[in-house]
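Visitor: I am new to this structure. Could we go through it together?
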Amino acid sequence: MTEITLALPFALPPPELAKDLLRALKTPALAMLLSRHSTLEYSLFDNAARVLPHEAWLTQALGLASGAGAPLATACMRGCGLHKEAEQGHWFMLQPAYVQISRTHFLLTDLRNLQLSEADSRGLYDIARPYFDDIGKPLLHGAPGLWFMRADDWASLDTASPDAATTQSMGDWLPEGEHARAFRKLQNEVQMLWHEHPINEARQARGLQAVNSCWLWGGAGPGAPAGQVAIGGGTEWMAALAVPELRAPTAQQLIAKPGAAMLADLIAPAQVGDWADWLARMQRIEQEWFAPLLAALKGGRIGSVKLVLSHRFGATTVASSKLAQRKFWRQPSLNSLLKQP
């Protein structure tokens, strides 16, 4: 049987807004998939993992880990063409960031908002790299805003993903463990290197955020090549993990060659609470994904569709088949999105 799995991070609305948002949502195909299901499961997510549910799902879908955390760095390196380097040592992703400073706390802003060009990324990397060489932590440039740092002796460092830390007090999400203090020293040195640098001054003159810090996460050692997942609408690290020919997947491509896919379009608006944008994107996903998948399911071109809908605290997994769609007594409804973990 051919099965399609579609993961949709932040497709679950926050409980306090769910009724209002679902009232405004016009997604009949999604309602059919949710109501006429063969299986439906709600699951809570352990925030101690320091990643988000969809990041844990992606890690497991790629066959990279079964425990806590998201050891994605070396898989991302391969996606950036750094195959040889990924075969030795323990690597982390190091991503340039903008940290907003207030009286009471530091706030890591969404890295998507940096809009870091190749030139700016390379320029900042060239400034920082000599320091990393000096302390024995080689730094490689993978893509704009996506760098890799080798730190074999930091393998036990407990890190958090940037999306998990975004909108939260940054102090709660900084790396923890034996080498946490060493990372903080590294982070401070990088901040000083970039402070008031012409690259940042030019960025601010163009109305862009300054790059005033960096974020470390995703530590991983050598391992077997990752499995295949199509990823759409993602960040640089997601693009590095995606099947090369499916870095902007369509429903028709997945119907023709069933497998797993993740659409990251809803993350950015949900993180900042832009629910008008979230609704608009959900309507687009209805037209471009839910409706074609439902039609293919009813037409027998695919055997089943599994949706993994999540937010910060949990996920709803629902599967439907052609036989399940014949349950005419179940009226199409989005109510399953109200019964959240």
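Guide: Strand S9 and strand S10 (residues 260-263) pair in the parallel sense over three bridges; strands here are DSSP runs of E of at least two residues, helices are runs of H or I of at least four, both numbered from the N terminus, and pairing requires at least two DSSP bridges. Ala230 stands opposite Ala261 in S10. This is a predicted model, in which local features need pLDDT of at least 70 and side-chain atom pairs pLDDT 80 or more, while totals for chains, interfaces and linings use all residues. Residues are numbered from 1 along each chain as its sequence is written, and side-chain values use heavy atoms, without hydrogens and water.

Visitor: In what order do the strands of the open sheet lie?
Guide: The order of the six strands is S2-S12-S11-S1-S10-S9, with mixed pairing. S2 (39-44) and S9 (230-232) each have a single partner strand, so one side of each lacks a neighbour in the sheet.

Visitor: What does helix H3 touch?
Guide: Helix H3 (residues 53-61) packs on the sheet and touches S1 (3-9), S9, S10, S11 (304-311) and S12 (314-321); contact means heavy atoms within 4.5 Å.

Visitor: Is Glu55 in that helix buried or exposed?
Guide: Glu55 is buried, that is, under 20% relative accessible area with a 1.4 Å probe, protein chains only.

Visitor: What does the side chain of Glu55 make a polar contact with?
Guide: Its partner is the side chain of Ser161, at 2.7 Å; a polar contact is a pair of N or O atoms within 3.5 Å, one able to donate a hydrogen and the other to accept it within protein, and residues adjacent in sequence count only if both atoms are side-chain atoms.

Notes: Axes fitted to C-alpha atoms, helices over the stretch in contact; angles between N-to-C directions. Buried < 20%, exposed > 50% of the residue type's maximum accessible area, 1.4 Å probe, protein only. Lys, Arg positive; Asp, Glu negative; His and termini not counted. Salt bridge = Lys/Arg side-chain N within 4 Å of Asp/Glu carboxyl O.
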